[in-house]
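Hello,

Here is the structure I promised to pass on to you. Please open it next to this email, and then read on for what turned up in it.

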Amino acid sequence: MASEKKIKTTTKRGKSAEEIFAGFQTLRNEQRLMANKLTEMEMELNEHKIVIDTLKTVDPKKKCYRMIGGILCERTVQEVMPALVSNKEQLTKVIETLNEQLTKKGVEINEYKEKHNIRIRGQDEIPQQDDDSKESKRNAIVVNPIEV
């Protein structure tokens, strides 16, 4: 049986390739979580828009039901509309903030990739230039892409 040795390579900054990769994975996971939250908020905003558009044509004195903390409450349309509009405005602000954070996270990931010379297999295929680029490619950390 052949014994396998795990070689722990270190960079100039003192971090091992595994630590750099773990940091990169953490950043990607944070970005993925933000994107999922953003999608969830956009779907909720869309639901609010649909309900508001539907209730605009209904008599304000008519009964309607609203779910509040898992409890179904009977209200009138005129009581519910201001809360729906307020929630819609707040969701819009949260979505804008999440979009900004997602953009910043993307920039942070790109800077991290540049700083640690991380290449994603199949994405960052750069034509060979000179001997310096060959040396940097040899020292690069290559990551397999992950399905999003």
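Let's start with Lys105, which is buried, with a relative accessible area of 10%. Here, buried means under 20% relative accessible area, exposed means over 50%, and partly exposed is in between, using a 1.4 Å probe and protein chains only.

A word on the source before going further. This is a predicted model, in which local features need pLDDT of at least 70 and side-chain atom pairs count only at pLDDT 80 or more, while totals for chains, interfaces and linings use all residues. Residues are numbered from 1 along each chain as its sequence is written, and side-chain values use heavy atoms, leaving out hydrogens and water.

**Salt bridges**

Which side chain does Lys105 meet in a salt bridge at 2.5 Å, N to O? The partner is Glu30. A salt bridge is a side-chain nitrogen of Lys or Arg within 4 Å of a carboxyl oxygen of Asp or Glu. As background, side chains of opposite charge can pair when their charged atoms come close.

This pair links distant parts of the chain, as Lys105 sits in helix H2 and Glu30 in helix H1, 75 residues apart. Helices (H or I, at least four residues) and strands (E, at least two) are DSSP runs, numbered from the N terminus. Glu30 counts as partly exposed because its relative accessibility is 32%.

Lys105 also meets the side chain of Glu108 in a salt bridge, at 3.4 Å from N to O. These two are three residues apart in helix H2, so about one helical turn separates them. Glu108 has 37% relative accessibility and therefore counts as partly exposed. Taken together, Glu30, Lys105 and Glu108 are linked in a network of salt bridges.

The whole structure has five salt bridges. One of them joins Glu74 and Lys63, whose closest N and O atoms are 3.5 Å apart. Glu74 lies in strand E2 (residues 71-76) and Lys63 in strand E1 (residues 63-68), so this pair ties together parts that are 11 residues apart in sequence. Glu74 is partly exposed at 45% relative accessibility, whereas Lys63 is exposed at 55%.

**A patch on the surface**

Strand E1 also holds Tyr65, which is exposed, with a relative accessible area of 53%. Tyr65, Met67 and Leu72 form a nonpolar patch on the surface, with about 370 Å² of accessible area together. Areas come from the Shrake-Rupley method with a 1.4 Å probe, and for residues only the protein chains shown count as cover. Patch residues have over 30% relative accessible area and no salt bridge; like charges are joined within 9 Å, and nonpolar side chains (Val, Leu, Ile, Met, Phe, Trp, Tyr) within 5 Å.

**Inside the model**

The largest nonpolar core has nine residues, among them Ile20, Phe24, Leu27 and Tyr112. Helix H1, helix H2 (77-116), strand E3 (118-120) and strand E4 (141-143) each give two or more residues to this core, and the largest share, three residues, comes from H1. A second, separate core has eight residues, including Met34 and Leu98. A nonpolar core is a set of buried Ala, Val, Leu, Ile, Met, Phe, Trp, Tyr and Cys residues joined through side-chain atoms within 4.5 Å.

Enjoy looking around!
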